[in-house]
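Have the structure open as you read.

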Amino acid sequence: MLDVSKESVVRMTDKEIIIQLYRDENIAIVQKNLSRLNEILALTMKLTHMTGYVQSKLEWIDQIQNEKMQYFASKEDTIKAIQIEGNRASLIGQNQVQARIWGGGTHTWRLQMQMFYAKKNGDWVISAQKASTY
């Protein structure tokens with residue numbers, strides 16, 4: 001007989017968590033879910049764009065909110081090169097991202113994101129990102 005009085009807790013592995021954070025970010029930028037971005041990005045997170053421009057977390061969120069950066073769709077192609085060493089991790093994700101950035105036209109980019117993570121107080125957050133194309 002199944003004992004339904006006991007809750008079973010399914011815990012995600014560190015690898016599953018960092019992959020999910022990558023996916024959550026891609027969903028959040030399309031949905032313009034600024035509160036979720038604020039949760040999963042470290043306060044000191046820096047995003048290095050394809051142009052080389054380095055943007056702070058607060059500036060990036062502000063530009064999404066003010067629609068200077070608009071993300072319309074994100075389709076995942078692959079996640080690779082996952083590395084976890086203690087409280088640091090990284091991965092490379094490749095997505096086809098449809099967006100309008102800084103007043104330009106709407107384009108679909110084959111966007112490769114090199115993601116960096118830090119584990120603080122037992123929780124993983126995105127600490128840095130570097131964008132390029134593939």
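This is a predicted model: local features need pLDDT of at least 70, side-chain atom pairs count only at pLDDT 80 or more; totals for chains, interfaces and linings use all residues.

Residues are numbered from 1 along each chain as its sequence is written, and side-chain values use heavy atoms, with hydrogens and water left out.

Helices (H or I, at least four residues) and strands (E, at least two) are DSSP runs, numbered from the N terminus, and two strands pair if DSSP finds at least two bridges between them. Start at strand β1 (residues 41–48): four bridges join β1 in parallel to β6 (residues 123–133), with Leu47 opposite Gln129. Strand β1 also pairs antiparallel with β2 (residues 54–56) over three bridges, and here Lys46 faces Ser56. Five residues separate the two strands of this hairpin, and Gly52 in the turn has a positive phi of about 100°.

Now to the rings. Rings of Phe, Tyr and Trp (its six-membered ring) pair if their centres lie within 6.5 Å; planes under 30 degrees apart are stacked, over 60 edge-to-face, and the rest tilted. There are two aromatic pairs. Tyr53 and Trp102 have ring centres 5.9 Å apart and planes at 85°, so they meet edge-to-face. Trp60 and Tyr71 are also edge-to-face, at 6.4 Å and 85°; Trp60 sits in helix α3 (residues 57–65) and Tyr71 in strand β3 (residues 69–85).
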